Structures are given as structure tokens and as C-alpha cells.
Amino acid sequence: MRIRKTNIFYGIDWILILIYFLLIFIGWINIYSATITETKISLVNFSTEYGKQLIWIGLSFPLILIILLFEAKFYEKFASILYLISLTSLVGLFILGKNINGATSWYDLGGFSIQPSEFAKAATALAIAKLVSDKQFNLKKWNTQIQAFLILFFPAFLITLQPDPGSALVYFAFIFVLYREGLPIYYVSIGFIAIILFITTLYFGYFYTLISSFALFFIIVVYFNFYRKKAFKKGWLKIIGIYIISVLFIISVNFVFNHVFEQRHRDRFDILLGKTQDIKNIGYNTNQSVITIASGGLTGKGFLDGERTQGDFVPEQQTDYIFTTVGEEWGFVGSVAVIFLFIFFLLRIIHIAERQKSKFSRVYGYSIAAIFFTHFTINIGMVIGLLPTIGIPLPFFSYGGSGLWGFTVLLFIFIRLDANRSYEW
Amino acid sequence: MKRTGLLSFIIIFIGLIFIIRLFYLQVVNNTYNKPTVNNSAVKIVYDYPERGYIYDRNGVLLVANQLSYDIMVIPREVKPLDTIEFCTLLKISKKDFIKKILKARRYSTRIPSTFLAQLSKNDFAYLQEKMHKFDGFYIQKRLLREYPINTAPNVLGYISEVNESLIKKNPYYQLGELIGTAGVEKTYENTLRGTKGVKHIQRDRFNKEIGSYKNGIYDTLPIPGKDLTLTIDIKLQQYGEALMTNKRGGIVAIEPSSGEILAMISTPTYNPNLMVGRERSKNFTKLYLDTINRPLLDRGLQAQYPPGSPFKVISALVALQENVIDTNTAIKCYGGYRYGSRKEAFMKCHCETHGSPVKLNKAIYRSCNSYFSNAYRKTIEKYPTPSEGMKVWNTNVKSFGLGNFLNNDLSVGQKGLIPDENFYNKYYPNGGWRAVTTISNAIGQGEILTTPIQLANMTAIVANKGVFYTPHIVKKIKDKELDTRFTTLKKTTINKEHFEPVIEGLFNVFEKPHGTASWSKVKGLEICGKTGTSENSHGQDHSVFIAFAPKGNPQIAIAVFVENGYWGSRWAGPIASLMIEKYLNGKTVRPWEEKRMFEGSLQEEYDKQLKEKSTIEN
């Protein structure tokens, strides 16, 4: 306790910090390559994006120090308040926000802009951790489930209204956290079935999906009727219920896709599912990013030597499509190294979370692992053409101050909590 | 699964999927590694080789190249410019300018496309000074075709700009490049064209060229096109075209010993130089839209006519082969052939033998319809059913290369028609046809259709006594062997000995005083031939003639079709004999006949037809 007071670095996980700096460093190198326009300009230059990013990185050091300075208990105590502040800042956007690229997600603070949704993730993670770590809390009960869902719903809803549905998608990641803490399995199963039904409906059309789902239902009923008579007697209502809900879901997916989605959303799915190919307009981003990555080959073209990167072929390359630079200039080897680094990073967080004595720290750690994981999956999945175009940043890689700070806050609060693991609360 | 493990499991799972996907993209399916034209960091410059020259069989230059200058544009590099000055320089209107720019942009903003094609040398000299003012435009040198002799457009063909559907099919071509689209320019496109060279030039971020890309490892040198020597004798070709003045039709002359095409005439013809230069598209449209004269139709290859009497040669040969007649078989002809009991079942004959016995020899030189109808009928009726007879007949006839494509190196062609048993079974589904139903086939009317080149080939086969080489147009390609399909000897189903009596008959067509072409006899030349009058449903009969000479050692076989030329010896006969004379002797001893052909015109007949047609249509 004494040492703790004199040294704010006591007990922190150096491995995690090392990975953090590695990711930041590799990320910045790629931003540099993607945005360099003229030769021989000093690195710290406000007019260039890589210069700005370097400043943001520099400024994250005092931020880290401040985060580490606070007592671990502070975050637990003030979790609700931080959550409310964050919600307020999201609401405030509708009054004071600045519209960039069609979404009102920014506060304009003179020389730079801040995106509160990047910080809302940390606040929500704290709030969920606080709620779940309550001794009275039991995720088997539906009223507590509703409490948890509401905490997630508010920021997700506000962010969707900006509109920035991509960022709102991240809040679905908390299902992993809640499941870890006792949420019944069928929530996860329902989510899984919903995703499968969604994709098959879009791909094969609702008619064939309905037919094949009926066939599946029929087979299941027959199976249970002949081989699991007892279970069938008990559970036949459930099976029929699930089937009816599935049918309604299929029909509603069809309806939502064709009548609620806008054309640009439909286009994104159609391109991914290979239903249309229009590499000049709607499919341009995906096509360019896939070609750029593929052109890297096994070992890549070398730093600053990717002609597609240097020729600015990939739109938004320094932000959402930063991974294309890795793919082109560092090749398969570099891309896999980055993916390994991320996987190691995520598993390390989970490992640390599992060793926490405090439930609050554990839930928080799990939350950030889920958040980082969602960003990682959606971003890289989109860039390599496996997922539709959803604009969310790759943590520590994508250009953007708010993003970098948001992820830094997210991570270092956890590092602070972890440093306190042997310490009494 | 334990609850604690799910997220870790999914993380590793997704990571694996990503790695597999990246492995597929970057290592397995790595086709994107080569620089492409879509890449602005690397500029691709083409080095066009010179297209091969074309010579005739005696080394006379037929097709050469001339320089031309194209204005190219790269739309995304175009900066605001003085359009009025630019348009005046190029002599186009502002509307054209906008249209062309839009077209280029629609094709690609990065890839250069032709803005204005084929400037003259004078325009180029003037423009070159000012070109630096207009960013995004540059001048590209290109080679155009030039025809020193204004002849044989149907043989030589022409080149034109590739169209967009072709670019999609064949990635070798870029918009604005030229490709052979007719004649030997088309069939020997790859030989004549060569392969263009590619240079990759690295550009920096300011679009400045900074040297060759990756030290030129992707660059290639142009491979020059190869020169072609045609089998055509250009003097004979020109002579034939002159003889056909103001007459529509086709002539094909073949050297029987090699299958080489000596002349291939289609009239009305046009000047091949019309297909070059800036006026090209205007000229082309004019020729293309002339549906009355149809100058772009190669009548030697594409026009299908009933062959008429020359086909009797085949009837005779098949009958001899099938052993249903011999040289002594005689029939009596009373001005026609009765093939049924009805009054109208009577085929007229103009042999004027008045009942005296007609044997094969006389039947040929008098062109007796009755004799060949009889022979044909015997051939078919030799077999128990008409179907079987027709099958045998068809096989025999088709072995002469009739009724199908010749599989040669000409860009166009038609199959013609030699009916078989299925053809008639379709028309008479209940089997109601017999030999006499199809009796017109015996004399080359009825359902039979042939093209002049098929007839010429048939004549060459008779001259060769049953063997032939596929007729072809190219004699020699520089540094390259001729295709084996032109050097392998082919055989008909007819035995060699059956040709002798037939050739004797053909010889007498000229020699005997009553021979149908005795008027065209040339002193000192032993010509074998056959007149023909091809009845057709479109109007006046066509004038047809086939011939080969000299009889002992055939050097030329020829087929002449003159549309609506009344009868064989009126136009086709004299033309064929004059051409043979010209080819073998280099001059004619019958200047009066030559003059009659040069000056004779069938235009009146064609006008009359047109008038009749329009009255009917009205």
C-alpha cells in the first residue's frame, strides 16, 4: 500500500502496455505511408495527418498518467456518473454537434474535433461492470436483464440517431460479457440463429428460406417425436414457438431490407453477397481495398513502396481502410503478424480479466475485450471483403484523435484496475 | 462449453478465418501483382510494331503502311483549356469536343483513349507546336494501311478500330487500336499485326515520369508483324475486274495443282483506299448502306446461286461411279425429258439432237438435260428406296467440297446447299418423294446452291481427276510454314478413270462446232469448260461458266457467275476464256471479244429489276 502510493506504475501489466505501444507504433507507420504527400517534411507537422496523429499519440502520455493517477476505486464509484456525463455529451451533439460526412458525431473545439461516442464505450463498460458486479444482481432474472439491456440501449440508440449505426453496432458486443456473467445461453443462440437467418434470407430470398426452414422444422419434429418422445412432450411448445418466431423474423428481414433500408445499405449487402458487381460506383471501396491487399503478395512491396497506397487508390485509407496499407506494403507476413498481435492482445485482456478477484474489474476487462474484438472483426472483415461496408475504426491503427484517446482510456482504466488486483478494495 | 471460454474461442476462430482469407487473397490468388492500366502510379506506353506488308504471288506490293497521327486524351489529366482554340486547331465543333470528351470519360478516366483519329501530316505539323498547351492530350503516331494498287478490296479486306465488345473478348486490344475486320487482314490478323511492346513508366505523386518501373522487368519489346505473300495474281485479278465492269457477279480462279486462288473477283468493287483515313467511316457507311449493289458482299464467296449446267459434270461422274451408265449408254432426246404421266411433267431440253442417240460425250458438249436426268434417275433408283439412293448421291457430291464450308483461310463464306434424304423427308413427311420429284438436281437446279469458289474448286478437282488441295489465299508467310490443311491432298469418292470421258466431253464444248462454247474457242489453247444458265427466282437467268486449261496439264481452273447475264455463253463464257488466255498467254488474240466485255453493261437489266421490285412492293 505504501509502494502503491509512491509509484503509480506499481503492478501494471507491462506485457499489455508493450502490445499497446507496438500497435500504436505500427499503426502510425502505416498512417505515415498512407498520407505522405511530399518528401522531406518534418514528422511533427500540424498540416499533415501523420503529424497530427503523432501529436495525438504524444498527448496520450499525459492522458495515461492521469488515468493511472486515479485510485481504482474511483472508477467503480463514479461509474454511474461517468455514464451519465457520457450520455449527456451524446445528447448535446444534437444541439452543438458538427456535421462531418453526414453524421453529427463531433464537437468542434477550434483546431480539432472530438467524437464523444468514442468515450461513451468506456463509460458504458464501466456502467455495465458496476451493475453486474452488484451482489444482488442475477442475470437469470428478466428484470435485471432489462436493466443491463437499458444501459446498453441508451448510448447505442443515441449514436444510431447521429446517424452512425456502425459505431452503435459495437454495443452488441456486450452480449459476450453478459453471457460470461450468467445470461442464459438462448440469448446467444437467438443472436446466432438471427444472423444465419438474416444472411440466408438475403442470399437465397425469403421464399426459399421459408421453405427450407420449414423442412428443418419438420425434420426436428420428426426426430424428437420418434427418438426423444419425453423431451418432445415437454418441449414441443418451445420448438413450435421458435419456428414461428423464425418465420416472422424471416418475413420481417425481407420487409426491413426492402422497405426500411436505404439503397446504399442494400448495395453494401448485395456486393458482399456477390449479387451485384459494380466496381466503379457502389463497390469501388471494397474492390479497391481487396485488390490493394491482394497486390501485396507474400512479403509485400515494402515500406512506402506500395504504388496503390501511394497513388491514393483506396478512399479513406488512413482511417477505416488503414489495414490495406499493411496488406500492400507488408504483405501476407505483415498482415498475419498484425492479426496475431491483435489476437494476443485480446486473449491477454481476457486472461487478465479472469484473474481479477473483483467482479467489477473482471466485467470491465471482459467488456473492453469484447469492444476491441468487435472493432477488430468488423473493420478487418470489411477491408478484406468478408463483411459489408461498415465504417468503424481499427483500434490504435486508424487515424483519428478521439478514436485513439477513446481506446487508450478504455485500455488504461483496465490496466489501472488490474494493477490494484491484489490490493484491498 | 464453459462460459469463460466462448469469447476466447470466437476470437481465435475469427483470427483463423482472417488468416485463411488473407492467404487466399495474397498468396493463392495473387493475380493483382502485375501493374495494370488502372494504376496511375505506373503509366503504360505501347510501342506498336509495323503491320506486315502484303504482296501478290509475283511479289507485287499490294498493301503497305503510311504514318498517321492520333490525338489521345487521358480525361483525368485534362486541365481547363482554351476550347475554342483547340477546336479550331482540330477543325471540330465545340459540340463534338464535348461529345468526344464524354465518350472518353465514360470509357475510363485513367486509360488513354483516342480523341481524334488519323490526322493528316500537315495538321500534325501545325498541332505539334501547340500541343504543350493542352494538358491531358497528346499525339500518338500510328501506322495506317495504304493500297498502291486500287484493286481486290474483297481479298485484302481492311482494318478498323476495335469495338468495345471485342475489347471485352480479347484483352490484347485497347480502345482506339486497329484490327483487321475483313479479308486477309482479318484471317491473318495475328500474323500481320505482330505483338505490341509495353513500357511501364513509374510516375511520382505529381504525375512526373521518374524512370522505368521496377527496372523494366514487365516491359516487352514489340514483335514486328510478318509479311504475307498471297496466291493472287494481281494482273489477272485486275483484268477480271475490268472484264466485269458494270456487271454484278463473282469469279474465282484456282491453280488446280496447288489449290492456290489466282483471282477472286467480286463486282461491283470499290477502291480499298476508301477504307483508310478520316473519311473512312463516311465511306464505309455509304458502302454498307448500298443494299442494291451490295459492294461489301463478296460474291465469289458469299453469293449462293443454283449452279445450272456445270453441275451436270457431277451428275455424270456420280452416275459413272455408281455404274448406272457407261460411256456408251445412249438415250434419245426429243426436245425434253418426260418424268411423269402428267402433261406438265416434262423438262425441256435445248440440245437439238432430234432423237438421234446421245452418248455421254455429246450429252456434255450439247448440254442435254434429258441425258443427265436419266443418269440421275438411274443413280437414285439403283437403291431400293429413294432415301438410300439420295444418301449415296449426297455423299458423292459432297466429296467435291460442295454443300459445306471449304475450311479455308478466307474471312467469309457460305455453305451452299446439297440436299440429302433428310431434307426431302422433311418436305415430304409421308415419304411421297422419288427420284423424279428431285429430278431438277440432275441439271444443277432444284434445291442445289453453290458459291463461285465451290464451283471453281469443283472444276479444279475435275482437272486434277479427283484430287484437290483446299483452296487458299496465302502462299507464303515470312518465317512460317503454311497450314497443313492446305498442303494435304484430299480425295473425292469418284475413281480416277471416270474423269477421262467427262474431260473429253468438256473439251468438245469448245472444240465441236455444235459445242455450247464453240464461239469462245481460242486458237492454240486446249480449254475444257461447261456453260451454264442458272434459273433463279429473282429475275433474269444468271450466266455461268466453268473451265480449266490446258487440257493436258491444267494450270488454271475458273468459275464465273454473272448475275442476270441471260445464258452462259453470253457473258460468263467469254470472260472465263479471256481470263484463261490472259493468264496462260499474257495477251489475247480476240481484242474484239475483250472490248465487248469491257464495254458491255447489264445495268439496264438491274435497273429494270429494281423497278419491277418496287412496283411489286408498292
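Two strands pair if DSSP finds at least two bridges between them. Strands (E, at least two residues) and helices (H or I, at least four) are DSSP runs, numbered from the N terminus. In chain A of this predicted model, three strands form an open sheet in the order S1-S2-S3, with antiparallel pairing. Strand S1 (98-100) and strand S3 (112-114) of chain A stand at the edges with a single partner strand each, so one side of each is left without a neighbour in the sheet. On average, neighbouring strands of the sheet are turned by 55° against each other, direction ignored. Strand S2 (residues 103-109) of chain A is joined to S3(A) by three bridges, and the two run antiparallel. A:Leu109 stands opposite A:Phe112 in S3(A).

Residues are numbered from 1 along each chain as its sequence is written, and chains are lettered from A and ligands numbered from 1 in the order in which they are written. Because the model is predicted, local features need pLDDT of at least 70 and side-chain atom pairs count only at pLDDT 80 or more, while totals for chains, interfaces and linings use all residues.

Two packed helices are described by the angle between their axes and the distance between the axes. The axes of helix H5 (residues 79-96) and helix H6 (residues 116-133) of chain A come within 8 Å and cross at roughly 150°. Axes here are lines fitted to C-alpha atoms, for helices over the stretch in contact, and angles run from 0 to 180 degrees between N-to-C directions. The crossing angle makes H5(A) roughly antiparallel to H6(A) (angles over 145 degrees count as such). The residues of the contact between H5(A) and H6(A) divide into twelve nonpolar, five polar and one charged. Ala, Val, Leu, Ile, Met, Phe, Trp, Tyr, Cys and Pro count as nonpolar, Asp, Glu, Lys and Arg as charged, and the others, Gly among them, as polar. Among the residues that meet are A:Leu82 and A:Tyr83 in H5(A), and A:Phe119 and A:Lys130 in H6(A).

Chain B comprises 21 helices and 22 strands. Of its 618 residues, 43% count as buried (20 or more other C-beta atoms within 10 Å of the residue's own, C-beta atoms being placed from the backbone). The contact between the chains takes 26 residues from chain B and 34 residues from chain A, two residues being in contact if their C-beta atoms, placed from the backbone, lie within 7 Å. Helix H1 (residues 6-28) of chain B gives the most to the side of chain B that touches chain A, with 15 residues. That side divides into 14 nonpolar, nine polar and three charged residues.

Terms used. Buried ≥ 20, exposed ≤ 12 C-beta atoms within 10 Å, placed from the backbone. Parallel < 35°, antiparallel > 145°, perpendicular 65-115°, else oblique.
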